[in-house]
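The points are grouped by topic.

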Amino acid sequence: MSGGIPEAPPVRGGDRVYRIHWVLGADRLRGVCHCGSERIFDDPVELWEWLLAHPDGHEPGDVRAAGPGPTAPARRLVATPT
Amino acid sequence: MSIAAPRDQWYVAAYGSEIRHELFARTVLGEPILFRRSEHGEVVAHSDRCVHRRFPLSQAPSRLVDGQVVCGYHGFTYGTDGRCVAVPGQTRVPRTARLTAYPVVELDSLVWVWIGDPALADPTRIPRAPYLASPGYTTVRGMEPLAARFSLLVDNLLDLSHETYLHGGYIGTPEVAATPITTEVDDEAGVVHVSRHMDDAECPPFYSRSTGLQGRIARWQDIEYVPPCLYKLHSRIAPVGSVPNPDGTDPDAFHVEVVYAITPETEHSTHDFWMVARDFALDDEEVSAFLAENNRTVVLQASRPSTFSSGCSRASRTATRSSRSTSTPVAWRRGGCSPGWPGRPRATPRPRPRAPPRPDERWHPRSATGPRR
Ligand code: FES
Ligand SMILES: [Fe+2]
Ligand SMILES: [Zn+2]
């Protein structure tokens, strides 16, 4: 629980669980990586790009909203080779 | 983007009740497979093509004679293990003449077949749904052959079914606005889980009629998608304040288990097995009919091409592009529209093209879903 955003209780245990919470009453999502890093997104696509880029751009304890601005980390992670 | 259905996976090929001692053919991932029960009652599965000239063994004049399959073209004869035991006009049968065998497991009333390298088939990886075969539940079920590509269907089935069951009847109500929705993607286990637990909600008329619950209820909805094939929606209805016991028993609650098994037939067609199990009103035909009709409608809606442009599918496309994993195909693991569900809130205020559903419509997909974008 972070930033006062309510969430459903955890169900899955395990070491590699990504959790995505709908920000109540808003069209936003809060993504939480298994490493503890979390961020808020407007766009689920960008959210998943950021989550799947772990550990790039992930810092546990780092809580911030990703905006559309030039500094938004999700943008530059799009090209992560697969 | 088109995503091929993953190999080296278990798929539901049939309901156990479909397979008797006669020959039964079904195509899974483009592979024609011949099923039947051995004399001991277990399901066996082999290629449905004769090793001689590939004549279909499920097709007349091919036939079953004393438990052996006799090819209708030149009479090659196969035993229960798939081995060729007789070739007309030949005293010797080549040792290598045998039908390709498929690993097959009958579990929870479903017949699972392994498509891929048989050496990798691990039956412990088959996802379970024990209520489907439990005497404590009544299950209605069906199967729709759909002319839709598997990947699109996964997106849309997930989308439509959650539209109906997760959002259904609650769009714009205070319960929605006040209830968190959390999606969990468990990379190791290969499970997508979506939870929405409304602890103090209005009881939909269908539930008050069929369970006898009156007044406010706790209404929990949990989706467990085990890619690629099995989608389970657990719906729990209970008096406010009641929670399951630590040992998992839940005597004060009523449960509906909705299951879809989504199995690609070919690149462009899909078998859609759907089941609804409940642990209340077990003998009530009206309840059975309601649940069956409700689900069949959802399934058929999902196959309509006009529904293939939901916002939810964006997330899964992206997940696919980002895939890195090899064990369970990541496209399915990251799962359908689930990452986007909470973020595509038909649950948040958005102009609806119709009036709010009347109370009696609440559990009906047509009224709950409304026109698609
Ligand atoms: S094709 Fe079956 S025996 Fe020749
Ligand atoms: Fe949705
Ligand atoms: Zn991380």
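A polar contact is a pair of N or O atoms within 3.5 Å; within protein, one of them must be able to donate a hydrogen and the other to accept it. The model shown is predicted. With that definition, the side chains of B:D186 and A:R12 make a polar contact at 3.2 Å.

**Around B:D186**

- B:D186 belongs to strand 12 of chain B, which covers residues 181–186.
- Its relative accessibility is 4%, so B:D186 counts as buried.
- Besides the contact with A:R12, the side chain of B:D186 reaches the backbone nitrogen of B:A189 at 3.1 Å.

**Chain A in outline**

- Chain A contains two helices and four strands.
- Read from the N terminus, the order of elements in chain A is β-β-β-α-β-α.
- Of the 82 residues in chain A, 48% are buried.

**The zinc ion (ligand 3)**

- Four residues of chain A supply the protein donors of the zinc ion (ligand 3): A:C33 and A:C35 through SG, and A:H54 and A:H58 through ND1.
- These donors lie 2.0 to 2.3 Å from the zinc ion (ligand 3).
- The spacing of the donor residues in sequence is C-x1-C-x18-H-x3-H.
- A:C35 sits in the loop between strand 2 (29–32) and strand 3 (38–41) of chain A, and A:H54 in the loop between helix 1 (44–52) and strand 4 (63–65) of chain A, so this pair ties together parts that are 19 residues apart in sequence.
- The angles subtended by the four donor atoms around the zinc ion (ligand 3) are 99 to 117°, and the arrangement is therefore tetrahedral.
- For four tetrahedral donors, the ideal angle at a metal is 109.5 degrees.
- A:C35 counts as partly exposed at 23% relative accessibility, and A:H54 counts as partly exposed at 22%.

**An open sheet in chain B**

- Four strands of chain B form an open sheet in the order 5-6-7-8, with antiparallel pairing.
- Strand 5 (63–65) and strand 8 (84–86) of chain B are at the edges with a single partner strand each, so one side of each has no neighbour in the sheet.
- Strand 6 (residues 68–70) and strand 7 (residues 77–78) of chain B pair in the antiparallel sense over two bridges.
- Opposite B:V70 stands B:T77, in strand 7 of chain B.

**Aromatic rings**

- Over all chains, the count of aromatic pairs comes to 13.
- The ring centres of B:W10 and B:W114 are 5.3 Å apart and the planes are at 65°, so this pair is edge-to-face.
- B:W10 lies in strand 1 (residues 9–15) of chain B and B:W114 in strand 10 (residues 110–115) of chain B, so the pair ties together parts that are 104 residues apart in sequence.
- Both B:W10 and B:W114 are buried.
- B:Y231 and B:Y260 form a tilted pair, with 5.4 Å from centre to centre and 50° between the planes.
- B:Y231 is in strand 15 (residues 230–239) of chain B and B:Y260 in strand 16 (residues 254–266) of chain B, so parts that are 29 residues apart in sequence are tied together by this pair.
- B:Y231 is buried, and so is B:Y260.
- One aromatic cluster is formed by B:F206, B:Y207, B:F254, B:F280 and B:F290.
- The charged end of B:R236 sits over the ring of B:W220, at 4.4 Å from the ring centre.

How values were computed. Residues are numbered from 1 along each chain as its sequence is written. Chains are lettered from A and ligands numbered from 1 in the order in which they are written. This is a predicted model: local features need pLDDT of at least 70, side-chain atom pairs count only at pLDDT 80 or more; totals for chains, interfaces and linings use all residues. Side-chain values use heavy atoms; hydrogens and water are left out. Two strands pair if DSSP finds at least two bridges between them. Donors are N, O and S atoms within 2.8 Å of the metal (3.2 Å for Na, K and Ca); water is not among the atoms, so sites may look incomplete. Four donors count as tetrahedral if all angles lie between 85 and 135 degrees; four count as square planar and six as octahedral if opposite donors are over 155 degrees apart and all others between 65 and 115; anything else is irregular. Buried means under 20% relative accessible area, exposed over 50%, partly exposed in between (1.4 Å probe, protein chains only). Rings of Phe, Tyr and Trp (its six-membered ring) pair if their centres lie within 6.5 Å; planes under 30 degrees apart count as stacked, over 60 as edge-to-face and the rest as tilted. A charge sits over a ring if NZ of Lys or CZ of Arg is within 6 Å of the ring centre and within 35 degrees of the ring normal.
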